[in-house]
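I opened this chain to look up its domain contact and some backbone details. My notes follow the structure.

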Amino acid sequence: MQKLIANPFLKYTAPGISGLHPYVPGKPVSELERELGICDSVKLASNENPLGASPKAKVAAAALLDELARYPDGGGFELRTALAEFHGTGVETVTLGNGSNDVLDLIARVFLAPGSEAIFSEHAFAVYPICTQAVGATSRVAPAHDGSIGPRFGHNLKAMRQLVSEKTRVVFIANPNNPTGTWLAKNELLEFIDSLPSNIIVVVDEAYTEYVEELAYPDATQWLKQYPNLIVTRTFSKAYGLAALRVGYGLSHPDVTELLNRVRQPFNVNALALAGAHAALNDHEHIKQSVAVNRVGMNQLIAGFERLGLDYIPSVGNFICVDVGRSAAEVDSQLLHKGCITRPIGGYGLPHYLRITVGLKDENQRFLQALESVLK
Ligand SMILES: *Cc1c(COP(=O)(O)O)cnc(C)c1O
């Protein structure tokens with residue numbers, strides 16, 4: 001912070017940049033081990049797939065190593081075609097991103113500017129305020145549910161709807177949301193989208209959709225034909241286990257897609273990512289297995305929290321937030337010394353909560369033991 005204030009170039013930046021706080025990622029294992037001189041640590045901090053990537057994706061990406069001197073297909077034709085088929089849409093609806101964060105950023109660059117506003121919920125994914133501010137637009141943050149009607153900490157669509165004005169250009173919705181793991185049912189989300197003026201872009205971020213097993217949970221890609229102002233984003237970083245490759249995508253009306261592709265860097269998705277994602281998309285077995293492992297691990301964590309008498313936020317994702325009853329940042333630093341990397345979410349307005357990614361059985365066990373000893 002101090003350094004930002006002292007930066008002499010600050011007064012020459014584009015609008016929004018001077019007040020921007022960069023995204024804080026989960027600590028990489030290598031960094032923790034370097035800092036503390038420990039080994040054998042577990043990382044349950046970034047919602048990565050503990051099973052790793054699909055073996056098919058690894059083979060496909062590795063097969064590209066002899067082509068490293070060549071530029072990738074800038075149009076991503078094969079992957080886009082496969083995604084269009086997967087979703088029953090057309091190729092012209094697909095925008096590829098260097099992770100879905102890249103797509104969120106493209107949306108902000110195309111539709112937001114100084115003087116316009118983006119709406120999202122309190123406790124929503126941190127990239128929404130960052131990409132809004134980066135283009136000098138204004139964030140309007142709706143209070144989350146307090147638990148009296150909807151799920152505590154979840155998106156309150158009525159409160160979000162109330163913030164809509166002539167300045168609103170984009171509404172960001174995470175379903176389910178990270179870090180809270182809360183979700184919106186089909187009826188309420190559809191009713192919300194339907195209530196919006198058709199010139200407002202509504203983004204439904206489905207980064208964790210593969211994990212959700214609730215019957216009332218919607219697949220917003222089904223609504224694309226009905227709502228030309230709808231953009232649905234998905235990623236290969238979570239259930240598909242390809243976070244390192246950086247590949248995600250947006251689905252939208254061809255007219256919207258065309259605008260997003262005007263600002264997209266021509267080679268924003270690398271060749272290994274294109275090939276790996278294509279192979280991963282076809283490995284349904286790997287997704288099935290990942291979801292099954294997540295279900296078991298989620299139950300293990302919940303049982304552990306209940307045994308320790310800790311409150312948690314019910315989650316449909318591959319992560320869960322637990323109330324440690326004191327500064328989660330302090331608990332996190334004590335956990336780090338025990339070789340467990342988790343994510344304190346004070347930056348999301350939940351200073352007593354740690355977000356834990358569901359890991360393999362041994363990893364979850366190791367974390368629960370460390371947590372118990374820290375809280376003792
Ligand atoms: C992880 C995450 C993303 C996407 O991350 P990428 O790796 O950039 O695809 C998008 N939205 C939410 C809510 C996430 O948690």
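**Ground rules.** I am working with a predicted model, where local features need pLDDT of at least 70, side-chain atom pairs count only at pLDDT 80 or more, and totals for chains, interfaces and linings use all residues. Residues are numbered from 1 along each chain as its sequence is written, and side-chain values use heavy atoms, with hydrogens and water left out.

**Domains.** I looked up the domain assignment of the protein chain. It gives domain 1 as 26-52 + 285-375 and domain 2 as 55-282. Such bounds come from an automatic or database domain assignment. I noted 25 residues from domain 1 and 26 residues from domain 2 in the contact, where contact means heavy atoms within 4.5 Å. The C-alpha centres of the two domains lie 25 Å apart.

**Interface area.** The size of an interface is often given as the accessible area lost when the parts come together. I used buried area here (accessible area, 1.4 Å probe, that two parts lose on being put together, summed over both). About 2,000 Å² is buried between domain 1 and domain 2, and carbon and sulfur atoms give 64% of that.

I searched the interface for salt bridges (a side-chain nitrogen of Lys or Arg within 4 Å of a carboxyl oxygen of Asp or Glu). The rule finds one between domain 1 and domain 2. I also looked up the pair E213 and R295, which forms a salt bridge with its closest N and O atoms 2.7 Å apart. Next came polar contacts: N or O atoms within 3.5 Å, one able to donate a hydrogen and the other to accept it within protein, with residues adjacent in sequence counting only if both atoms are side-chain atoms. I have seven residue pairs between the domains, both residues at pLDDT 80 or more.

**Domain 1 side.** Helices (H or I, at least four residues) and strands (E, at least two) are DSSP runs, numbered from the N terminus. Two or more residues on this side come from each of α11 (284-307), β10 (319-323) and β13 (350-357). Helix α11 gives the most, six residues. By class, I read eleven nonpolar, eleven polar and three charged residues. Nonpolar covers Ala, Val, Leu, Ile, Met, Phe, Trp, Tyr, Cys and Pro; charged covers Asp, Glu, Lys and Arg; the others, Gly among them, are polar.

**Cis bonds.** I found a cis peptide bond from N175 to P176, with omega near -5°. Another joins N178 and P179, at about 15°. P176 sits in the loop between β5 (168-174) and α8 (186-195). P179 is in the loop between β5 and α8 too.

**Positive phi.** D40 is not a glycine, yet its phi is near 65°. N47, also not a glycine, has phi of about 55°. D40 counts as exposed because its relative accessibility is 60%. N47 is buried, at 1%. D40 lies in the loop between α2 (29-36) and β1 (42-43), and N47 in the loop between β1 and α3 (55-62).

**P129.** I placed P129 in helix α6 (residues 127-134). P129 is partly exposed, at 28%. Leaving aside neighbours within four places in sequence, P129 touches F120 and S139.

Methods: Buried means under 20% relative accessible area, exposed over 50%, partly exposed in between (1.4 Å probe, protein chains only).
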